[in-house]
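Dear colleague,

Here is the structure I said I would pass on, with my notes on what was found in it below. Please keep the model open beside you as you read.

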Amino acid sequence: TMPILEQCYNLMDFEHVARRVMKKTAWAYYSSGADDEITMRENHSAFHKIWFRPRILVDVENIDTSTIMLGSKTDMPFYVTATALGKLGNPEGEVLLTRGAKKHNVIQMIPTLASCSFDEIVDAAEDGQVQWLQLYVNKDREVTKRIVQHAEKRGCKGLFITVDAPQLGRREKDMRTKFQDVGSNVQSTGGNDVDRSQGAARAISSFIDPSLSWKDIPWFQSITKMPIILKGVQRVEDVIKAVEAGVQGVVLSNHGGRQLDTAPSGVEILAEVMPALRERGMQDKIEVFIDGGIRRASDIVKALCLGATGVGIGRPFLYAMSAYGLPGVDRAMQLLKDEMEMNMRLIGASKVADLNPTLVDARSLSAH
Ligand code: FNR
């Protein structure tokens with residue numbers, strides 16, 4: 001028998017239910033990683049190499065989990081990251097994530113390849129609710145410019161340019177089930193016929209420009225006033241370049257293990273990046289986010305201790321939405337909120353600003 005919603009006690013529980021109730025093709029698209037899925041597994045297990053160094057006897061009666069990301073206030077230091085094709089998991093699609101985010105005052109990143117239209121997702125938000133845009137850069141820069149400027153006009157507060165996907169990774173589980181029905185508002189493929197035999201990912205991505213480079217950044221800065229964040233940065237040198245390019249943020253991410261297999265996890269890169277930024281006096285010049293494998297609030301707390309401004313969470317919300325619709329998304333966020341308060345209390349931190357590197361022992365991480 002299938003667990004009822006109240007029997008889901010953590011984010012992994014939603015995954016187990018989703019695996020059983022979802023259509024095979026949808027499950028394959030959401031759950032797959034690239035090649036041998038080594039990076040996808042490491043994203044999660046990297047957090048197990050970090051240990052807490054809790055403080056005692058600090059007043060933790062009241063816990064404040066709120067913080068500011070890119071100038072926007074939010075109740076939680078995590079955001080719903082961009083994941084394409086929400087309607088594969090639930091016929092209502094991404095607007096369910098919008099409504100869940102609204103209830104918990106959490107920020108949502110809207111994917112270029114959402115199943116709902118961009119405007120539907122913005123319209124589902126209430127006044128003042130913060131949303132960001134994830135951008136796949138189209139070979140046709142006029143199309144890109146229109147998307148970016150429309151998002152800014154509609155009130156988006158950040159432009160996350162995905163930089164880890166000049167070519168989509170091979171997600172073999174997804175390829176095997178073949179692509180049948182995306183139900184997406186797919187952008188112009190530039191006249192190319194969609195190849196449906198290669199899985200959902202490849203079928204929808206042929207418009208993405210693999211020639212995108214550092215030289216294009218000034219152009220983005222010239223067409224928008226939104227903060228620009230590079231999503232998918234994977235080494236220290238590129239974080240430094242990002243600071244020098246004058247962008248406002250980076251997401252240390254390997255796309256949920258769906259791109260280059262055996263690329264390092266976001267939290268491993270973070271442990272190397274923050275000391276390098278401090279060494280150069282650059283730590284206040286850029287906001288550093290991470291995503292990948294975050295399943296517990298303890299993972300979030302660890303990332304913040306190591307210096308992240310916030311973290312993105314992808315699959316767990318998709319699974320919660322696929323298994324239980326809006327009540328699932330709501331419960332997933334509430335569970336994280338409860339876990340967050342408990343973890344902060346037990347580590348001895350009453351507010352986000354109290355989280356600092358002395359509260360963790362990250363010496364077992366491999367990346368440095
Ligand atoms: C993604 N991700 C992603 N990223 C992006 O920039 N554009 C996109 O369209 C998508 N689509 C997408 C679909 C699905 C099904 C998944 C699982 C992921 C990557 C995503 O933003 C994020 O980097 C990872 O999902 C984070 O890892 P977790 O939380 O899923 O482990």
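Leu57 is exposed, because 6 other C-beta atoms lie within 10 Å of its own, and its place is in the loop between β1 (51-52) and β2 (67-69). The phi of Leu57 is near 55°, a positive value in a residue other than glycine. Most residues other than glycine have a negative phi. Please bear in mind here, as throughout, that this is a predicted model.

Glu37 is a further residue of this kind, with a positive phi of about 60° although it is not a glycine. Glu37 is found in the loop between α2 and α3 (38-45), and it counts as partly exposed because 18 other C-beta atoms lie within 10 Å, while a buried residue needs 20 or more.

Arg171 also belongs to a loop, the one between β7 (159-162) and α7 (172-177). Is Arg171 buried or exposed? Arg171 is buried, because 25 other C-beta atoms lie within 10 Å of its own. From C-alpha to C-alpha, Arg171 is 8.7 Å from Ala28, although 143 residues separate the two in sequence.

On confidence, the protein has an average pLDDT of 93, and 92% of the residues score at least 70; the model scores are ipTM 0.99 and pTM 0.94. Where pLDDT is low, the predicted coordinates should not be read in detail.

As for the overall build, the protein has 13 helices and twelve strands. Its radius of gyration is 19 Å, close to the 21 Å that the globule rule gives for 368 residues, so the protein is as compact as a globular protein of that length. Taken along the principal axes, the C-alpha atoms fill a box of roughly 65 × 55 × 45 Å. Of the 368 residues, 50% count as buried, and among contacts between residues at least 6 apart in sequence, 72% join residues at least 24 apart.

Strand β4 (residues 78-80) pairs with β5 (residues 107-110) in the parallel sense over two bridges, with Val80 standing opposite Gln108 in β5. Together with helix α4 (residues 95-104), β4 and β5 make a right-handed β-α-β unit. Strand β5 in turn pairs in the parallel sense with strand β6 (residues 131-135) over three bridges, and here Ile110 stands opposite Leu133 in β6. The chain crosses from β5 to β6 through helix α5 (residues 118-123), in a β-α-β crossover that is right-handed.

Strands β6 and β7 run parallel and are joined by three bridges, with Leu135 opposite Ile161 in β7. The crossover from β6 to β7 passes through helix α6 (residues 141-153), and this β-α-β crossover is right-handed. Strand β7 then pairs in the parallel sense with strand β8 (residues 228-233) over four bridges, where Phe160 stands opposite Ile229 in β8.

In a regular strand the side chains alternate between the two faces of the sheet.

Leaving aside neighbours within four places in sequence, Leu270 is in contact with Leu252, Val288, Ile290, Ala303, Leu306, Gly307 and Ala308.

Helix α13 also comes up in the packing of helix α1 (residues 11-21), whose buried residues pack against α2 (24-31) and α13. Those buried residues of α1 are Leu11, Asp13, Phe14, Glu15, Val17 and Ala18, so that Asp13 and Glu15 are among them.

Conventions
Residues numbered from 1 in each chain as written. Predicted model: local features only at pLDDT ≥ 70, side-chain atom pairs only at ≥ 80, totals over all residues. pLDDT = per-residue confidence, 0-100. Contact = placed C-beta atoms within 7 Å. Pairing = 2+ DSSP bridges. Right-handed = clockwise from strand over helix to strand, strands pointing away. Buried ≥ 20, exposed ≤ 12 C-beta atoms within 10 Å, placed from the backbone. Rg over C-alpha atoms; globule rule 2.2 N^0.38 Å.
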